[in-house]
Amino acid sequence: MLGNKINIVVRIRPLIPTENSKGCVKLMNKLNQLLLQKEFYQVQFKFDNILSKNQGQKSLFNSVSYIVTYFMVGLNGTIFAYGQTGAGKTYSVIGEDCNLKDSNKGVLPRAIHQIFQSKKEKSFRLHVSFYEIYCEKIYDLFDFEDRKEKSTKDKYKLKELILKEGSNGSFSAEGLKSYEINTEEEALLLYEKGLANRATKASLMNKKSSRSHAIFEIYLEKESKGDKKHIVRSKLRIVDLAGSEKCSLRNIYSLKNRDKYIKELTAINGSLSSLGQCISALADPKRKHVPFRNSKLTKILKDSLEISAKIALIICISPSLDSYDETVSTLQFADRAKKAILLAQDDNRKAKGKTRGFSTYRETTAPIYDNK
Ligand code: ADP
Ligand code: MG
């Protein structure tokens, strides 16, 4: 069912001490509506699944855990965290840390927990990989090579991987390391080591890790049930996307590394917009072509962008007035994806001879927002 294929969850994080304590986002839960206001500007959005600042990590996981369930029966799935830097993507994916006992743990440790809870059959085999895409280059975060002997320049260089197109049209990063995991603890330890690699590399290259997409993959292999035995394979991806913020001219002129900054933003914006296009195309059952070739991110995610794959988009936003422009642009991205999904559902209904009720994605004039 299409409703299960792509799912959008909007998450409003609580205010944090470093930002303007004046809010610009108002949630009207009963109407599934978000009102955003700044001075005389006002925008209204409608989403089926909006999590308020009071809804914790458990609620978030509950709304995406079906992807893990599908993965366990052999369907590919991807959970994306999308939003501007500081909006809560990494918090949603990891939590405060990877501690299994931490009640604030994010989607990734919870997904691993769910997998091992249902891994009762001995015939299951699980492998994990972890890599990042930075400026259209792929780096293996499981590159744990001892670099003591290397020159300072090469010390923190992670292995760059080349994308190869297979005969079946799918892309794979050649030489990407993967490790077999047998316990939850093993999986999380590896993940933490990979994260440490990402952080070290980011600080040494004088860039924030929010400039890259981090992709954690879990592969499952098991024997099918029934008389004719065959191997069932599936892949679950959990993606902490690079910050979606737009280029600010004011910031650019004061920057020392202006060229690098522009290069990073161009790569990020290009890959995020092709991800949006792929998601929209995917929602439409009549569209045969999904334009995944436009970026490394979408090329590598091709098998997650196929018809049978499941996708959840966690859209992270800050409630602060400081973030008004970015929050509007983040929600516009989500809204485009939502409209594509609704249109596709509508077409499906028409094809089945059912008429449409009322539109749930009507543009309306926003009512006056009470900012007190
Ligand atoms: P991003 O990865 O999108 O750049 P982070 O996940 O690092 O943003 O979040 C920025 C800050 O906000 C962090 O200090 C994080 O702990 C906090 N934060 C984010 N989301 C939440 C939330 N839902 N509840 C509490 N704190 C949060
Ligand atoms: Mg982050």
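Me: Which residues have the most contacts inside the largest nonpolar core?
Reply: Leu313, Ile314 and Ile315 have the most contacts inside that core, which has 89 residues. A nonpolar core here is a set of buried Ala, Val, Leu, Ile, Met, Phe, Trp, Tyr and Cys residues joined through C-beta atoms within 7 Å. This is a predicted model, in which local features need pLDDT of at least 70 and side-chain atom pairs count only at pLDDT 80 or more, while totals for chains, interfaces and linings use all residues. Residues are numbered from 1 along each chain as its sequence is written, and chains are lettered from A and ligands numbered from 1 in the order in which they are written.

Me: Which helix gives the most to this core?
Reply: Helix 8, residues 258-283, with eight residues. Helices (H or I, at least four residues) and strands (E, at least two) are DSSP runs, numbered from the N terminus.

Me: Back to leucine 313. What is it in contact with?
Reply: Ile8, Phe80, Tyr82, Ala334 and Ala337, once neighbours within four places in sequence are left aside. Contact means that the C-beta atoms of two residues, placed from the backbone, lie within 7 Å.

Me: How many helices and strands are in the protein chain, and what share of its residues is buried?
Reply: The chain has ten helices and 15 strands. Of its 372 residues, 39% are buried. Buried means 20 or more other C-beta atoms within 10 Å of the residue's own, exposed means 12 or fewer, and partly exposed is in between, with C-beta atoms placed from the backbone. Among contacts with a separation of 6 or more, 69% join residues 24 or more positions apart.

Me: Switching to helix packing. At what angle do helix 2 and helix 4 pack?
Reply: About 45°, with the axes of helix 2 (residues 57-72) and helix 4 (residues 107-118) 10 Å apart. Axes are lines fitted to C-alpha atoms, for helices over the stretch in contact, and angles run from 0 to 180 degrees between N-to-C directions. Helix 2 and helix 4 are therefore oblique to each other. Under 35 degrees counts as roughly parallel, over 145 as roughly antiparallel, 65 to 115 as roughly perpendicular, and the rest as oblique.

Me: And which residues make the contact?
Reply: From helix 2, Leu60, Phe61, Val64, Ser65, Val68 and Met72; from helix 4, Val107, Arg110, Ala111, Gln114, Ile115 and Ser118.

Me: How many bridges join strand 3 to strand 4?
Reply: Six, and the two strands run antiparallel. Leucine 34 has phenylalanine 45 in strand 4 as its bridge partner.

Me: What sits in the loop between those two strands?
Reply: Glutamate 39 is found there, between strand 3 (33-38) and strand 4 (41-46). Its phi is near 45°, a positive value in a residue other than glycine. Most residues other than glycine have a negative phi. Glutamate 39 counts as exposed because it has 8 C-beta neighbours inside 10 Å.

Me: Where is glutamate 136?
Reply: Glutamate 136 is in the loop between strand 7 (125-134) and strand 8 (137-140). Phi of glutamate 136 is near 65°, again positive in a residue other than glycine. With 15 other C-beta atoms within 10 Å, glutamate 136 is partly exposed.

Me: In what sense does strand 7 pair with strand 13?
Reply: Antiparallel, over nine bridges, strand 13 being residues 213-223. Histidine 127 stands opposite tyrosine 219 of strand 13. Tyrosine 219 also stands opposite lysine 235 in strand 14. Strand 13 and strand 14 (residues 231-240) run antiparallel and are joined by ten bridges.

Me: And strand 6 with strand 14, parallel or antiparallel?
Reply: Parallel: strand 6 (residues 77-82) pairs with strand 14 over five bridges. Threonine 78 has arginine 237 in strand 14 as its bridge partner.

Me: Last one, serine 224. Buried or exposed?
Reply: Serine 224 is exposed, because 12 other C-beta atoms lie within 10 Å. Its place is in the loop between strand 13 and strand 14. Not counting residues up to four places away in sequence, serine 224 touches Lys229, His230 and Val232.

Note on methods
Pairing = 2+ DSSP bridges.
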